[in-house]
Amino acid sequence: MATSSSKQGAMEIDATGSLAITVERNPPEARLLELGIKSWPKWGCPPGKFPLKFDAQETCYLLKGRVKASVKGSSECVEFGARDLVIFPKGLSCTWDVSVAVDKHYKFDSSSS
């Protein structure tokens with residue numbers, strides 16, 4: 001079976017066994033409708049550096065902005081921006097270096113799967 005750029009649910013773990021950020025670049029409108037993104041709450045932040053810890057899995061869709069996220073305890077750096085669908089696994093700590101102000105829809109996954 002061919003690999004798809006579409007990521008479904010579960011926690012992503014990179015080759016080193018660390019929690020990993022998943023970025024789905026420019027997902028199709030049908031995917032956004034399926035997820036119900038427009039009904040999710042919105043959040044924004046100005047440029048700057050922000051330490052974040054995810055106590056639940058968060059899925060977000062950036063309407064605008066540019067971020068470089070550095071994962072704590074890892075050399076991993078993930079960049080994402082406008083029109084990207086991003087999943088942060090539960091337990092991940094990272095620092096957002098926001099170069100362009102962010103406006104995003106977000107949803108926390110309350111399930112334990």
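This is a predicted model: local features need pLDDT of at least 70, side-chain atom pairs count only at pLDDT 80 or more; totals for chains, interfaces and linings use all residues.
**Notebook: loops, rings and cores**

I started with arginine 83, which sits in the loop between strand 5 and strand 6. I'm counting strands (E, at least two residues) and helices (H or I, at least four) as DSSP runs, numbered from the N terminus. Residues are numbered from 1 along each chain as its sequence is written, and side-chain values use heavy atoms, with hydrogens and water left out.

**Positive phi**

Arginine 83 has a phi near 75°, positive although the residue is not glycine. Most residues other than glycine have a negative phi, which made me look further. Is arginine 83 buried or partly exposed? I found it partly exposed, at 49% relative accessibility (buried is under 20% relative accessible area, exposed over 50%, partly exposed in between, with a 1.4 Å probe and protein chains only). Asparagine 26 also has a positive phi, near 45°, and lies in the loop between strand 1 and helix 1 (29-35).

**The hairpin**

Next I checked strand 4 (residues 57-71) and strand 5 (residues 77-81), which pair in the antiparallel sense over five bridges (DSSP must find at least two bridges for two strands to pair). Alanine 69 has valine 78 in strand 5 as its bridge partner. Five residues lie between the strands of this hairpin, and glycine 73 there takes a positive phi near 75°.

**Aromatic rings**

How many aromatic pairs are there? I get six, using the rings of Phe, Tyr and Trp (its six-membered ring) with centres within 6.5 Å; planes under 30 degrees apart are stacked, over 60 edge-to-face, the rest tilted. Tryptophan 43 and tryptophan 96 are edge-to-face because their planes stand at 80°, with the ring centres 6.2 Å apart. This pair links distant parts of the chain, since tryptophan 43 is in strand 2 (residues 42-45) and tryptophan 96 in strand 7 (residues 93-109), 53 residues apart. Tryptophan 43 is partly exposed at 36%, whereas tryptophan 96 is buried at 1%. Tryptophan 96 also forms a tilted pair with phenylalanine 88, at 5.7 Å centre to centre and 40° between the planes. Trp43, Phe54, Phe80, Phe88 and Trp96 make up one aromatic cluster.

**Nonpolar cores**

I then looked at the largest nonpolar core, which has 17 residues, with Ile21, Phe80, Phe88 and Trp96 making the most contacts inside it (a core is a set of buried Ala, Val, Leu, Ile, Met, Phe, Trp, Tyr and Cys residues joined through side-chain atoms within 4.5 Å). Strand 4 gives the most to this core, with five residues. Leaving aside neighbours within four places in sequence, phenylalanine 80 contacts residues including Val23, Leu62, Val86 and Trp96 (contact means heavy atoms within 4.5 Å). A second, separate core of five residues includes Leu32, Ile37, Tyr61 and Leu85.

**A buried glutamate, and the cysteines**

Glutamate 24 is in strand 1 (residues 22-25) and is buried, at 5%. Its side chain makes a polar contact of 3.1 Å with that of arginine 31 (a pair of N or O atoms within 3.5 Å; within protein, one must be able to donate a hydrogen and the other to accept it, and residues adjacent in sequence count only if both atoms are side-chain atoms).

Last, I searched the whole structure for disulfides (cysteine sulfur atoms within 2.5 Å) and found zero. For cysteine 77, the nearest cysteine sulfur is that of cysteine 94, 9.8 Å away. Cysteine 77 is partly exposed at 43%, while cysteine 45 is buried at 8%.
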